[in-house]
Amino acid sequence: MPNNKVTDADALAYHLEPTPGKFEITASVPMTTQRDLSLAYSPGVAVPCLAIADKPELAYDYTNKGNLVAVISNGTAVLGLGNLGALGSKPVMEGKAVLFKRFADVNSIDIELDTENPEEFINAVKLMGPTFGGINLEDIKAPECFIIEQALKEVMDIPVFHDDQHGTAVICAAGLINALHLSGKKIQDVKIVLNGAGAAGIACIELLKSMGAKHNNCIVCDTKGVIYQGRTEGMNQWKSAHAISTELRSLDDAMVGADVFLGVSVKGAVTPAMVESMAPDPVIFAMANPDPEITPEEAHAVRPDAIVATGRSDYPNQVNNVLGFPYLFRGALDIHARAINDEMKIACARALADLAREEVPDEVALAYGTKLSFGRDYIIPTPFDPRLIYRIPPAVARAGMDTGAARRPIVDMDGYELSLKTRMDPTASILRGINARARSAQARIIFAEGDDERVLRAAVLYQRQGFGKSIVVGRESDVHQRLEAAGLGDAAGELEVVNAANTEHLEDYKNYLYQRLQRKGFDKTDVHRLAARDRHVFGSLMLAHGHGDGLVTGVTRKSAHVLELISHVYDVGPHDGAVGVTAILSKGKITLIADTLVHEWPDENDLADIAERGASVARALGLEPRVAFVSFSTFGYPVSERAEKMRIAPDVLLKRGVDFEFEGEMAVDVALNVNEMKKYPFSRLTGPANVLVVPARHSASISVKLMQEMGGATVIGPILTGIDKPIQICSTVSSVNDILNMAAIAACNIR
């Protein structure tokens with residue numbers, strides 16, 4: 001099981017930097033000129049105000065109501081931490097708001113209400129109804145959560161959804177559909193045991209009953225044992241609704257012959273003996289967090305035929321609410337729904353179940369480092385599946401329209417699905433995929449510059465976030481001192497620190513380096529100085545000898561100088577096949593720029609090589625490459641000998657018969673702007689270019705730095721490709737997160 005340690009200091013730093021909290025509000029319209037201000041506020045704003053006052057449904061057209069969800073809590077049941085109060089719950093609610101945006105492009109804002117009085121809570125939320133398109137209730141203790149949700153559903157005309165209840169229930173139902181399919185059982189026939197009669201447990205059993213489970217086949221247990229007819233201790237109206245006539249009194253008794261166990265209780269609530277007493281092919285959903293009622297290893301030790309799911313990401317079949325709530329709200333908002341009803345929840349569950357049975361896309365397999373296929377260890381889709389956004393919301397929307405919950409039904413469902421495919425920011429999914437692949441690879445990454453605090457922070461994060469092992473090049477005393485100064489003194493014992501003085505391999509490194517450099521003017525004294533004193537060279541030698549799986553460097557020196565030092569150990573010259581490809585992530589788009597590192601003034605053949613390397617990196621990142629050779633001219637005009645090679649390079653690729661789209665020469669706006677591209681219908685590109693091949697290294701550098709400094713783009717790279725081992729060179733302005741991204745790319749062996 002990979003290490004994924006998160007310290008208190010890590011968590012606090014994450015919420016503090018770069019600005020306090022986890023999101024900010026940005027304008028979606030121009031706000032620069034006096035005319036803009038007149039339209040945004042007085043007098044222009046009066047026009048939509050009057051229109052909405054006359055026809056309230058126009059609020060969905062002229063305001064953000066139709067894509068705005070409130071995440072609301074009073075903090076009485078925060079995660080597994082208990083009653084932290086309204087303010088103590090705010091970091092969780094901010095996190096939920098960010099998940100809405102990341103997974104389904106739903107705008108969301110957190111609201112923390114400082115009251116434990118259900119009536120005050122209900123009244124406050126009801127009065128905010130005009131602002132939002134939906135309400136997501138979160139972390140409210142039972143039984144108040146039942147009272148609050150039911151009352152709000154009755155008085156509000158927008159969806160009200162308590163995710164702790166229904167989110168878990170939907171994903172649980174999706175997994176159970178497939179688990180029963182694999183075990184050859186039907187929901188109306190199986191005996192189901194639920195342990196945990198709180199909000200999530202009650203919602204799970206109610207949804208399963210609405211899907212066909214028989215009331216008398218469902219045994220609900222709490223801390224007092226079986227909930228049976230006539231029991232008075234620890235009862236309330238919600239538990240009483242699920243009481244059955246039975247002689248069973250304990251969880252041990254209930255588990256005998258059970259087909260399905262659902263746990264939303266506590267660690268260790270289920271013993272191996274209980275599992276052993278279950279029916280053939282038992283289904284066990286041990287969903288207690290952070291530790292399940294019984295681990296998959298414990299269950300399979302006594303029942304190899306069991307299908308097991310948990311709430312944890314480090315086991316197969318994770319019951320993860322993020323598979324449900326973003327897409328439920330996406331579908332509900334897009335039909336301007338009055339509510340999220342049982343039919344919409346069931347449609348979500350069935351769509352998730354159907355998706356898990358289909359062939360898994362390659363990018364998901366790449367993200368997990370293994371080929372996933374429907375079976376006992378894969379009954380629920382993964383959060384990284386790119387199909388979720390355009391498969392689940394349409395199913396929810398259809399159910400909402402069929403049941404009369406829609407104010408504005410979707411007429412063109414095919415068009416709706418297409419819009420969902422293009423709606424999401426691809427940068428998030430690509431970075432998540434890279435991180436998942438890195439965790440799967442568990443690579444040993446050499447961080448060459450242990451004298452820089454940013455590098456040390458990134459090395460600590462790489463290891464603590466479960467990506468693999470960090471090896472830092474530096475003096476142990478210096479590294480420990482810098483970690484202490486950075487508030488990471490506890491990490492000193494976690495990192496492996498290597499240098500010329502403490503390695504047993506220095507002579508091997510020097511001999512290897514001498515063999516490479518003896519005919520290039522270097523004597524043994526020069527070689528010793530390079531190997532023993534230069535961390536870039538030392539780190540490269542470690543990598544060359546298999547004492548690490550990847551190298552990250554360049555934070556403390558200019559990239560050109562670092563490349564020169566690395567060239568002592570590796571062939572990274574312009575004619576060795578090496579190319580630097582930089583990824584620009586901005587406004588939901590990913591564009592690769594090449595070559596940003598190696599070729600000073602490439603000719604047409606070099607440019608064709610660069611295009612091929614750029615296309616290779618694009619595919620490694622999950623993009624289908626569309627390459628543009630960019631210049632100040634477009635298809636021969638204006639004429640210039642400087643642009644000639646950009647015109648010829650596509651012909652070189654044409655002769656090579658490459659398997660990706662390419663075109664040129666063209667101006668950048670023609671390459672990236674769909675409307676400009678339409679002026680050239682003969683172009684071979686079917687959409688905006690995502691790989692830009694530029695005329696020279698200086699133009700590449702200018703482009704990247706301009707986007708980074710003035711455009712606010714996230715820059716990953718340059719990704720050094722075309723060499724034997726994964727070496728990634730950061731820029732001197734790299735942040736800790738930039739360095740961590742480069743380490744993950746090195747771990748994924750993207751080169």
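I446 has I471 in strand 12 as its bridge partner. This is a predicted model, so take the contacts below as computed from it. Strand 11 (residues 443-447) and strand 12 (residues 468-473) run parallel, with five bridges joining them.

Both strands belong to an open sheet of five strands, ordered 13-12-11-14-21, with parallel pairing. At the edges sit strand 13 (496-498) and strand 21 (727-729), each of which pairs on one side only. Going from one strand to the next, the twist averages 25 degrees.

## Strands 9 and 10

Here is another parallel pair: strand 9 (residues 283-286) is joined to strand 10 by four bridges. Within this pairing, I284 stands opposite V308 in strand 10.

## Strands 15 and 20

For an antiparallel case, look at strand 15 (residues 579-586), which pairs with strand 20 over six bridges. One of the contacts to look up is I584, whose bridge partner in strand 20 is V715. Strand 20 (residues 714-721) is mostly covered, with seven of its eight residues buried.

## Salt bridges

The whole structure holds 44 salt bridges. In one of them, the side chains of D259 and K185 meet at 2.8 Å, N to O. That pair links distant parts of the chain, 74 residues apart: D259 is in the loop between helix 12 (251-255) and strand 8 (260-263), and K185 is in the loop between helix 9 (163-183) and strand 5 (192-195). Why does D259 count as buried? Because its relative accessibility is 13%, and the cut-off for buried is under 20%.

R231 and D222 make another salt bridge through their side chains, at 2.6 Å from N to O. Both ends are covered by the same cut-off of under 20%: R231 counts as buried because its relative accessibility is 10%, and D222 counts as buried because its value is 11%.

## R312 and D291

The salt bridge between the side chains of R312 and D291 has an N to O distance of 3.1 Å. R312 lies in the loop between strand 10 and helix 15 (325-334), and D291 lies in the loop between strand 9 and helix 14, so the pair ties together parts that are 21 residues apart in sequence.

## A charged network and a nonpolar patch

Salt bridges also link K90, E94, D110 and E112 in a network. On the nonpolar side, F23, I25 and I109 form a surface patch with about 270 Å² of accessible area together. Of these, I109 is found in strand 2 (residues 107-112). I109 counts as partly exposed because its relative accessibility is 32%.

Note on methods:
Residues are numbered from 1 along each chain as its sequence is written. This is a predicted model: local features need pLDDT of at least 70, side-chain atom pairs count only at pLDDT 80 or more; totals for chains, interfaces and linings use all residues. Side-chain values use heavy atoms; hydrogens and water are left out. Patches are made of residues with over 30% relative accessible area and no salt bridge: like charges are joined within 9 Å, nonpolar side chains (Val, Leu, Ile, Met, Phe, Trp, Tyr) within 5 Å. Accessible areas come from the Shrake-Rupley method with a 1.4 Å probe; for residues, only the protein chains shown count as cover. A salt bridge is a side-chain nitrogen of Lys or Arg within 4 Å of a carboxyl oxygen of Asp or Glu. Helices (H or I, at least four residues) and strands (E, at least two) are DSSP runs, numbered from the N terminus. Buried means under 20% relative accessible area, exposed over 50%, partly exposed in between (1.4 Å probe, protein chains only). Two strands pair if DSSP finds at least two bridges between them. Axes are lines fitted to C-alpha atoms, for helices over the stretch in contact, and angles run from 0 to 180 degrees between N-to-C directions.
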